[in-house]
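Welcome, and thanks for opening the viewer. Let's walk through this model together, one selection at a time.

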Amino acid sequence: RPTARALADRRIGKAHRRVITDGAAIGPGSPPEALHDLRKRAKELRYALEIFGSLYDPGAHWQAVRELKALQDCLGTFQDTQVQMDELRAFADQMVAGRSVPAATLLAMGEIAAGLARAQHEARSEFAGRFGDFAGPGSQSRILALTGEARG
């Protein structure tokens, strides 16, 4: 029977490999769904790290979570702006279809949409650097050392 630590090491290692594999596959032309799927994988890794956190050295654990959180924040901003833009467009379509919207309202909605698009573009531009930091050698060695995979 595996120990709790061995189970934690396997779960965290598997979740980490999935994040690395999925993130490495994302390029400038990847659809928004790819970033959303990566966000879900990153959440799975974060949950595993937090659930099993008491089994690990607090300093190494904190550093691993901190690096993952930076990636998650970027992915969260991207996804949140995508959802908000989709909802704003749907709301504008309803208003136009009902012919009950003043032009000033549509103009204001356009300004909001433009701000959301800028924020999403910034998050998308930031993704490569955030993922590069997370997938970089320092972060990789910390996760591997944390889970014991570096020892075999």
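Is Arg130 buried or partly exposed? Select Arg130 in this predicted model: with a relative accessible area of 33%, Arg130 is partly exposed.

Zoom in on Arg41 and Glu44, whose side chains meet at 3.1 Å, N to O. You will find the pair in helix α2, three residues apart, so about one helical turn lies between them. Colour by accessibility here: Arg41 counts as buried because its relative accessibility is 13%, under the 20% cut-off, whereas Glu44, at 34%, is partly exposed.

Next, go to helix α3 and select Asp86 and Arg89, three residues apart and about one helical turn from each other. Their closest N and O atoms are 3.4 Å apart, in another salt bridge. Asp86 is partly exposed at 38%, and Arg89 is partly exposed at 47%. In total, the model has 10 salt bridges.

For the last stop, select residues 4-24, helix α1. Its 21 residues reach 30 Å from the first C-alpha to the last, close to the 30 Å expected. Highlight its buried residues, among them Ala8, Ile12, His16 and Val19. Then show α2, α3, α4 and α5, the helices that the buried residues of α1 pack against.

Note on methods. Residues numbered from 1 in each chain as written. Predicted model: local features only at pLDDT ≥ 70, side-chain atom pairs only at ≥ 80, totals over all residues. Heavy atoms only, no water. Helix = DSSP H or I, 4+ residues; strand = E, 2+ residues; numbered from the N terminus. Expected span 1.5 Å × (residues − 1). Buried < 20%, exposed > 50% of the residue type's maximum accessible area, 1.4 Å probe, protein only. Contact = heavy atoms within 4.5 Å. Salt bridge = Lys/Arg side-chain N within 4 Å of Asp/Glu carboxyl O.
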